[in-house]
Amino acid sequence: MKDNGTNREIDRRTFVKGAALATGAIAAGALAGCASGAPANSDATSSSASADSSSSTGQQAKTRAWSSGATVAGEGVPKVYFTPDVSPAGLVAIYEAIGRAAHGNVAVKVSTGEPGGHNFLQPELISDLVKTVDGTIVECNTVNWGGRRGDTQEHMKVAEEHGFTAIAPVEIMDADGDVVLPVADGRHLDVDYVGKGFMDYDYVIDLAHFKGHGQAGFGGVIKNASIGIASARGKSYIHSGGTQLTGFGSPSQEIFLESLAEATSAVADHMGEDIIYIDVMNNLSVDCDCDSHPAAPSMADIGILGSTDPVALDRACVDLVYAAEDGGDLVERMESRNGTHVLDYAEQIGLGSQAYELVEI
């Protein structure tokens, strides 16, 4: 949707209705359901809805790079860019629209997919973007629960089998251990254990496949920057709510989700303005790409979205799922895991904003 050759800025509800026509995946009549059914703020500004919002009383939101370029109506409200074109060209177009050019040694954080799964972002889709920025595809090992990606050599073999080594260099960032990033004022985490190789990169593209998740409810750029960039033992630290460096622990659901947000805040603070976030909404299964036997996608592809604000971006994706006529399975997955609590808490700690303005390119 263009207006005299320029990007057209529209509010969230208008955008959702327009996206329905553009993608064929969202019924215009579902807009009312989005407004009434989604656990979201639909006003021009948003307030935190954390289960423990009283703890934020008097807390000043951190100033982060994500809001520095916002020029839309409502000072500080970030832009989320959208295209219904799920293609290599559409992905490059979103990167360019974000307007924060890659430089130096560039990491493209993407899941290379668990063997047996097939919903992960395909090399053919991301190849043009990775080559445009001369990037390296980066991953970290999983918690060693028996999957092949818990071992560096096997993880690299999986990346090769899935076609990623054919399009760009691939690095398993914790092959030589990990380092810690500080978590500012964390309620659960004091540090974030990330792959040692992460420190070699000047710029990061957090390139996530938006989908459901068995524990988090949904996975987008927040999960990709937290669990995805964490080393194997860092993943344990997040999953356990900061209590152990092996296994998964048994924290409450709220503590787990809040730990995801805190780990992402450590990555965002470390990178400053040298990180962007992209969610690809295709192959929309209720299960994660870390699942070796994921459920088949139960809804039509929606598009690609990008922003400098990870909270606004994941919130926009959640809103589009609620607006979709065929989004019921994923809505149930998110609600049954209280998945949007991660957005409420992320906003509360200053990681980003759940208010946003959408721009279709």
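Here is a chat about one predicted protein model.

Biologist: What should I know about the model before we start?
Modeller: The model is predicted, so local features need pLDDT of at least 70 and side-chain atom pairs count only at pLDDT 80 or more, while totals for chains, interfaces and linings use all residues. Residues are numbered from 1 along each chain as its sequence is written, and side-chain values use heavy atoms, with hydrogens and water left out.

Biologist: Thanks! How many helices and strands are there in the protein chain?
Modeller: The protein chain has eleven helices and 14 strands. Helices (H or I, at least four residues) and strands (E, at least two) are DSSP runs, numbered from the N terminus.

Biologist: And what share of the residues count as buried?
Modeller: 57% of the 361 residues. Buried means under 20% relative accessible area, exposed over 50%, and partly exposed in between (1.4 Å probe, protein chains only).

Biologist: Which residues have the most contacts inside the largest nonpolar core?
Modeller: F198, F210, M281 and L305, in a core of 64 residues. A nonpolar core here is a set of buried Ala, Val, Leu, Ile, Met, Phe, Trp, Tyr and Cys residues joined through side-chain atoms within 4.5 Å.

Biologist: What is F198 in contact with, leaving aside its neighbours within four places in sequence?
Modeller: M173, L181, V204, I229, V267, H270 and M271. Contact means heavy atoms within 4.5 Å. There is also a second, separate core of 30 residues, which includes V110, I167, I205 and L207.

Biologist: Let's turn to α8. How far apart are its end C-alpha atoms?
Modeller: They are 28 Å apart, which agrees with the 27 Å that the 19 residues of α8 (residues 253–271) should span at 1.5 Å a residue. The expected span is 1.5 Å times one less than the number of residues in the helix.

Biologist: Why call α8 largely enclosed by the rest of the structure?
Modeller: Because 14 of its 19 residues are buried. Just after α8, G272 takes a positive phi of about 60 degrees.

Biologist: What does the T264 side chain reach?
Modeller: The T264 side chain reaches the backbone oxygen of I222 at 2.8 Å. T264 lies in helix α8 and counts as buried, at 1% relative accessibility. Leaving aside neighbours within four places in sequence, T264 is in contact with I222, A225, S226 and L351.

Biologist: New topic: how many salt bridges does the structure hold?
Modeller: Ten. A salt bridge is a side-chain nitrogen of Lys or Arg within 4 Å of a carboxyl oxygen of Asp or Glu. One of them joins R187 and E258 (3.4 Å, N to O). R187 lies in the loop between β7 and β8 (191–195) and E258 in helix α8, so the pair ties together parts 71 residues apart in sequence.

Biologist: Are those two buried or partly exposed?
Modeller: E258 is buried, with a relative accessible area of 4%, whereas R187 is partly exposed, at 34%.

Biologist: What does R233 pair with?
Modeller: R233 forms a salt bridge with D178, and the closest N and O atoms are 2.8 Å apart. R233 lies in helix α7 (residues 232–239) and D178 in strand β7 (residues 178–182), so the pair ties together parts 55 residues apart in sequence.

Biologist: And where do D287 and R333 sit?
Modeller: D287 is in the loop between β12 (275–281) and β13 (303–307), and R333 is in helix α10 (residues 328–336), 46 residues apart. Their side chains meet in a salt bridge (3.1 Å, N to O), and both D287 and R333 are buried.

Biologist: Which residues are linked in a network of salt bridges?
Modeller: K109, E114, E139 and R149.

Conventions. A polar contact is a pair of N or O atoms within 3.5 Å; within protein, one must be able to donate a hydrogen and the other to accept it, and residues adjacent in sequence count only if both atoms are side-chain atoms.
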